[in-house]
Amino acid sequence: MVVKVTKVRCPQCGSEAPWNPGNPYRPFCSERCKLIDLGAWSSEAYRVPAQEKKTVSEDRG
Ligand SMILES: [Zn+2]
């Protein structure tokens, strides 16, 4: 038998997250992403996404 696993896209990191009782963080993929998202909202880090320009000068090294 094939068990269908519903997957959603994690709003935070964009990776696939299982949508089932085994994932208490849905629609996020993990607790980390959930906390990041909640934190972002509470700290008003969410802003209207401006047109993203491709910048290559963001290297953290
Ligand atoms: Zn995620």
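Me: What share of the contacts in the protein with a separation of 6 or more comes from residues 24 or more positions apart?

Reply: Such residues account for 7% of those contacts, a contact being two residues whose C-beta atoms, placed from the backbone, lie within 7 Å. Please keep in mind that this is a predicted model, where local features need pLDDT of at least 70, side-chain atom pairs count only at pLDDT 80 or more, and totals for chains, interfaces and linings use all residues. Residues are numbered from 1 along each chain as its sequence is written.

Me: Thanks! Which pattern does the protein follow along the sequence?

Reply: The pattern is β-β-α, with one helix and two strands in the protein. Helices (H or I, at least four residues) and strands (E, at least two) are DSSP runs, numbered from the N terminus.

Me: Where is Gln12 found, and what does it touch?

Reply: Gln12 sits in the loop between strand 1 and strand 2. Leaving out residues up to four places away in sequence, Gln12 touches Phe28, Cys33, Ile36 and Asp37. Gln12 and Lys34 are 22 residues apart in sequence, with their C-alpha atoms 7.5 Å apart.

Me: What makes Gly14 buried or exposed?

Reply: Gly14 lies in that loop too, between strand 1 (7-9) and strand 2 (16-18). Gly14 has 10 C-beta neighbours inside 10 Å, so it counts as exposed.

Me: And why does Ser30 get its label?

Reply: Ser30 has 15 C-beta neighbours inside 10 Å, so it counts as partly exposed. Ser30 is in the loop between strand 2 and helix 1, and its C-alpha is 7.9 Å from that of Ala17, 13 residues apart in sequence.

Me: Which peptide bond is cis?

Reply: The one from Arg26 to Pro27, with omega near 5°. Pro27 belongs to the loop between strand 2 and helix 1 (31-42).

Terms used: Buried ≥ 20, exposed ≤ 12 C-beta atoms within 10 Å, placed from the backbone.
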